Amino acid sequence: MVVIKSYPKGISIHIDEEQIFEEVLIEIGNKLEESRKFFKNAAVAIAVEGRVLSMDEEKLLIQTIETHSDLQVICLVGKNEETNKKFIKALKRVEVSKEEHNGRFFRGNVLPGQTVDSEGSLVIIGSVLKGGIVSAAKEIIVLGELLGEACAGLDNEEGNFVAALRMSPTKCTISSRTYKPVKQGFFNKRKNEPCIIYKKGEDVICEAASPESILDAATI
């Protein structure tokens with residue numbers, strides 16, 4: 001019903017698509033309880049294979065993992081290896097920054113009228129809805145949709161950026177410089193691909209979040 005494999009910084013869970021999901025969750029919980037001492041309290045990315053999960057099923061899966069183990073789930077990743085690499089690489093940098101600069105992880109959606117900020121880096125494990133605001137002294141990573149406002153690089157240092165799995169902000173600034181789309185409907189064309197917004201010289205640009213652009217933006 002379920003096969004769980006571990007790899008550096010992550011866990012792969014293969015789920016039989018024919019099984020009842022509630023029974024799958026019970027099986028995952030049992031396996032994790034048996035392996036609690038092995039996995040310890042590592043911060044991991046979770047890859048799901050063999051079955052496409054709905055958003056509600058993803059939430060139930062994360063709840064099951066965190067209830068039956070000491071693991072800290074950073075994000076769920078898909079089958080696109082390059083996309084996974086870039087976000088995990090960025091998250092590793094944020095983990096270090098969290099320790100050095102009072103970084104923050106926020107789990108859940110940032111709702112309209114809500115503000116979430118950080119004195120260092122900020123990772124949103126969820127979406128920023130329209131009317132929500134996120135700000136950070138350093139970089140911002142949204143593991144969901146960025147539909148609201150984001151302001152990164154408040155410390156005015158180089159190398160800060162805003163990255164999101166799906167990017168369509170009402171406003172995005174990097175070190176007080178506001179990004180302005182080059183064409184109307186720019187984000188609509190990129191709504192299903194990860195993007196990164198960062199400073200390049202005196203300009204603020206937006207690109208598909210290739211490994212190269214993440215590395216360029218994340219250079220310390």
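Of the 220 residues in the chain, 46% are buried. The model is predicted. The chain holds six helices and 15 strands. Its accessible surface is about 11700 Å², and carbon and sulfur atoms account for 49% of that. Of the contacts between residues at least 6 apart in sequence, 40% join residues at least 24 apart.

**Helix 1**

- Helix 1 covers residues 21–34, which makes 14 residues.
- From its first C-alpha to its last, helix 1 reaches 20 Å, close to the 20 Å expected at 1.5 Å a residue.
- Phe 21, Val 24, Leu 25, Ile 28, Gly 29 and Leu 32 are the buried residues of helix 1.
- Viewed down the helix axis, these buried residues fall within an arc of 135°, so they line one face of helix 1.
- Glu 22, Ile 26 and Glu 34 are exposed on the other side of helix 1.

**Nonpolar cores**

- The largest nonpolar core has 23 residues.
- Ile 124, Val 134, Ile 140, Leu 146, Val 162 and Ile 197 have the most contacts inside this core.
- Strands that each supply at least two residues of this core include strand 7 (122–125), strand 8 (133–136), strand 9 (140–146) and strand 10 (149–152).
- Strand 11 (161–167), strand 12 (171–174), strand 14 (195–200) and strand 15 (203–208) likewise supply at least two residues each.
- Another core, of 19 residues, lies apart from the largest one, and Ile 11, Ile 62, Ile 65 and Val 73 are among its members.
- Leaving aside neighbours within four places in sequence, Ile 124 is in contact with Phe 106, Gly 108, Val 110, Val 116, Val 134, Ile 141, Val 142 and Leu 143.

**Ser 127**

- Ser 127 sits in the loop that runs between strand 7 and strand 8.
- Ser 127 counts as buried because its relative accessibility is 12%, and the cut-off for buried is under 20%.
- The Ser 127 side chain reaches the backbone nitrogen of Glu 145 at 2.9 Å.
- Beyond its neighbours within four places in sequence, Ser 127 is in contact with Gly 108, Asn 109, Val 110, Val 142, Gly 144 and Glu 145.

Notes: Residues are numbered from 1 along each chain as its sequence is written. This is a predicted model: local features need pLDDT of at least 70, side-chain atom pairs count only at pLDDT 80 or more; totals for chains, interfaces and linings use all residues. Side-chain values use heavy atoms; hydrogens and water are left out. Helices (H or I, at least four residues) and strands (E, at least two) are DSSP runs, numbered from the N terminus. The expected span of a helix is 1.5 Å times one less than its number of residues. Buried means under 20% relative accessible area, exposed over 50%, partly exposed in between (1.4 Å probe, protein chains only). The arc is that of the directions from the helix axis to the C-beta atoms. A nonpolar core is a set of buried Ala, Val, Leu, Ile, Met, Phe, Trp, Tyr and Cys residues joined through side-chain atoms within 4.5 Å. Contact means heavy atoms within 4.5 Å. A polar contact is a pair of N or O atoms within 3.5 Å; within protein, one must be able to donate a hydrogen and the other to accept it, and residues adjacent in sequence count only if both atoms are side-chain atoms. Accessible areas come from the Shrake-Rupley method with a 1.4 Å probe; for residues, only the protein chains shown count as cover.
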